[in-house]
Amino acid sequence: MERFLDVRVEVAAALATGRPVVALESTVLSHGLPHPIGLEAAAAMEAAVRDEGAVPAAIGLLRGRVVVGLTPDEIEELSSGVQVAKVSVRDIAPVIAAHRPGATTVAATASLARTAGIRILSTGGIGGVHRGGEDSLDVSADLHALARTPIAVVCSGAKSVLDLGRTLETLESLGVPVIGYGTHEFPAFYSVESGLPLEHRADDPREVAAILRVHAALERRQGVVVAQPPPPGTAIRLAEVDTWIREALEEAKLAGIRGKEVTPFLLESLARSSHGRTLETNLALLEANARLAARIAVEL
Ligand code: PSU
Ligand code: MN
């Protein structure tokens with residue numbers, strides 16, 4: 001495995017001595033945010049993780065290997081390149097074999113982080129069931145990866161461009177616990193509110209750690225979603241986001257966007273319609289989630 005798995009010194013040392021490590025996905029940096037905002041986001045997330053006393057481990061594919069603990073230069077390489085592949089689970093081996101640079105989604109990052117021995121991952125929003133997914137079968141591999149990868153994923157729920165109700169139903173079917181952090185409602189990424197109640201809630205990192213300990217002790221095979229609403233000052237009302245989403249979906253339909261292009265296309269359209277407000281919220285929640293993930297990792 002070592003031929004293809006490059007766990008960098010700082011991360012390897014932390015894992016070997018039981019110090020807290022937080023994995024960070026790279027698709028959000030390369031395909032989810034425009035350059036150079038992806039870089040800004042990466043720096044903010046890494047700083048927040050370090051600030052809380054944990055080691056950040058951004059994950060991506062470079063020069064035929066999985067890198068766990070990308071350097072700032074490597075993150076730049078992944079976030080600026082036009083040739084960078086969006087890598088979900090199915091893409092890992094082909095992209096490595098082709099020596100192509102690849103930015104990993106939540107699904108791919110979670111499974112590679114686990115391979116490296118990391119138990120907590122931070123992101124903005126997980127993928128889910130797309131609107132109309134009951135016909136198109138466009139259901140993110142993130143959900144299926146969560147069903148079989150025992151890792152905690154700190155996020156602000158799933159993007160509101162998705163069908164959040166069906167996303168939650170699917171997580172339930174797959175046996176994935178969803179814990180509201182300081183909330184009884186599934187966050188809608190840019191928005192605090194979704195109208196979808198959550199049964200389980202934790203109010204501080206210790207409570208989350210307690211749940212994760214039970215989950216691990218009982219050898220549960222699933223991931224755990226820890227869903228934190230976006231920071232209050234930056235959240236946007238769902239009703240307001242909804243008008244932009246409808247525009248974005250219409251645009252995507254007209255342009256014939258399909259498959260893995262859908263998520264990046266919609267995010268870009270939202271950024272345009274909102275005059276950058278969704279980007280600001282996205283940055284703020286990425287940083288807040290990285291900070292929370294680090295605090296949970298420290299607690300564990
Ligand atoms: N959330 C964001 N921006 C993103 C993504 C999520 O705010 O760019 C990315 C994540 O990497 C997630 C992926 O895993 O989108 C899901 O893509 P898809 O729907 O194609 O599975
Ligand atoms: Mn998809």
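**Exercise 1.** Describe the lining of the largest pocket and state which residues lie nearest its centre.

*Solution.* Step 1: the lining holds 32 residues, and Lys86, Thr105, Ser140, Asp142 and Thr263 lie nearest the centre. A pocket here is an open set of points on a 1 Å grid over the protein atoms alone, where a 1.4 Å probe fits, with protein on both sides within 12 Å along at least five of seven lines; lining residues have an atom within 4 Å of a point.

Step 1: α2 (27-32), α8 (141-148) and α12 (262-273) are the elements that give two or more residues to this lining. Helices (H or I, at least four residues) and strands (E, at least two) are DSSP runs, numbered from the N terminus.

Step 2: by class, the lining has 10 nonpolar, 14 polar and eight charged residues. The space in this pocket is about 590 Å³, a volume being the space filled by probe spheres set on the points.

The model is predicted: local features need pLDDT of at least 70, side-chain atom pairs count only at pLDDT 80 or more, and totals for chains, interfaces and linings use all residues. Residues are numbered from 1 along each chain as its sequence is written, chains are lettered from A and ligands numbered from 1 in the order in which they are written, and side-chain values use heavy atoms, without hydrogens and water.

**Exercise 2.** Find the salt bridges of Glu74 and say which parts of the chain they link.

*Solution.* Step 1: Glu74 pairs with Arg8, the closest N and O atoms being 2.7 Å apart. A salt bridge is a side-chain nitrogen of Lys or Arg within 4 Å of a carboxyl oxygen of Asp or Glu.

Step 1: Arg8 lies in the loop between β1 (5-7) and α1 (9-16) and Glu74 in helix α4 (residues 72-80), so the pair ties together parts 66 residues apart in sequence.

Step 2: Glu74 also meets Arg63 in a salt bridge (3.5 Å, N to O). Arg63 is in the loop between β3 (55-62) and β4 (65-68), 11 residues apart from Glu74.

Step 3: Glu74 is buried at 9% relative accessibility, while Arg8 is partly exposed at 22%. Buried means under 20% relative accessible area, exposed over 50%, partly exposed in between (1.4 Å probe, protein chains only).

Notes:
Ala, Val, Leu, Ile, Met, Phe, Trp, Tyr, Cys and Pro count as nonpolar, Asp, Glu, Lys and Arg as charged, and the others, Gly among them, as polar.
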